[in-house]
Amino acid sequence: MKKTWGLLISAVVVSAALAGCGGDKKETAAGGDQPAPATASAENTISIEASNWKFNSDTFEAKAGEPITINFKSTEGFHGIGIEGLDFDIQNEGSKTITIDKAGEYKIFCNIMCGPDHDKMVATLVVK
Ligand SMILES: [Cu+2]
């Protein structure tokens, strides 16, 4: 009799474990489906930080033909950004969105006369 109970309990534990597993997988799958589009647009977000007298990267990449969100912040000193040939500018700190249809390389420059090495504050925006 004791052995039978043991088997029964084992069977219940195993099936509960299996059910639990299946439930987790379903949740993961559903959760995985939803954030995908958000991630896709989040990919077209660039974070640029400026300090004396450089940007946090020489090159930034974004996708052509869809909105690019550019977050900008001066972490040291007072700087801004402009993109050569485009109507875009942020000063000191802020976030703006721009759509660039034509792939290519665009020059990002500091648009505030910030000091002796102001001219060195350039970076490249690669739009693919
Ligand atoms: Cu500057």
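I shall speak about the strands, the nonpolar core and the copper site, in that order.

A word on conventions comes before anything else. This is a predicted model, in which local features need pLDDT of at least 70 and side-chain atom pairs count only at pLDDT 80 or more, whereas totals for chains, interfaces and linings use all residues. Residues are numbered from 1 along each chain as its sequence is written, and side-chain values use heavy atoms, with hydrogens and water left out.

Let me begin with the strands. Strands here are DSSP runs of E with at least two residues, numbered from the N terminus, and two strands are said to pair if DSSP finds at least two bridges between them. Strand β1 covers residues 45-51. Six bridges connect β1 with β4, and these two strands run parallel; within β4, F72 stands opposite I48. β1 also pairs with β2, residues 54-55, this time in the antiparallel sense and over two bridges. A hairpin of two residues leads from β1 to β2, and S51 has K54 in β2 as its bridge partner.

Is S51 buried or exposed? Buried means under 20% relative accessible area, exposed over 50%, and partly exposed in between, with a 1.4 Å probe and protein chains only. S51 has 13% relative accessibility, and therefore counts as buried. Taking contact as heavy atoms within 4.5 Å, and not counting residues up to four places away in sequence, S51 touches T75, E76, H79 and M121.

I turn now to the open sheet. Five strands form it in the order β3-β9-β8-β5-β6, with mixed pairing. Its edge strands, each pairing on one side only, are β3 (59-62) and β6 (89-91). On average, neighbouring strands of this sheet are turned by 20° against each other, direction ignored; the axes are lines fitted to C-alpha atoms, and angles between N-to-C directions run from 0 to 180 degrees. β5, residues 80-83, is joined to β6 by three bridges in an antiparallel arrangement, and G82 stands opposite D89 in β6.

Next comes the core. A nonpolar core is a set of buried Ala, Val, Leu, Ile, Met, Phe, Trp, Tyr and Cys residues joined through side-chain atoms within 4.5 Å. The largest one has 24 residues, and those touching the most other members are I46, I48, F55, I70, I81, I108 and L125. Two or more residues each come from β1, β3, β4 (67-74), β5, β8 (104-109) and β9 (122-127). Beyond four places in sequence, the contacts of L125 include I46, F60, I83 and I108.

I68, in strand β4, is buried because its relative accessible area is 0%. The C-alpha atoms of I68 and I98 are 5.2 Å apart, although 30 residues separate the two along the chain.

Finally, which protein atoms are the donors of the copper ion? They are C110 (SG), I112 (O), C114 (SG) and H118 (ND1), at 1.9 to 2.3 Å from the ion. Donors are N, O and S atoms within 2.8 Å of the metal (3.2 Å for Na, K and Ca); water is not among the atoms, so sites may look incomplete. The donor residues follow the spacing C-x1-I-x1-C-x3-H. C110 is buried, with a relative accessible area of 5%.

Why is the arrangement irregular? The four donor atoms subtend angles of 83 to 122° around the copper ion, which makes it so. Four donors count as tetrahedral if all angles lie between 85 and 135 degrees; four count as square planar and six as octahedral if opposite donors are over 155 degrees apart and all others between 65 and 115; anything else is irregular.

Terms used. Helices (H or I, at least four residues) and strands (E, at least two) are DSSP runs, numbered from the N terminus.
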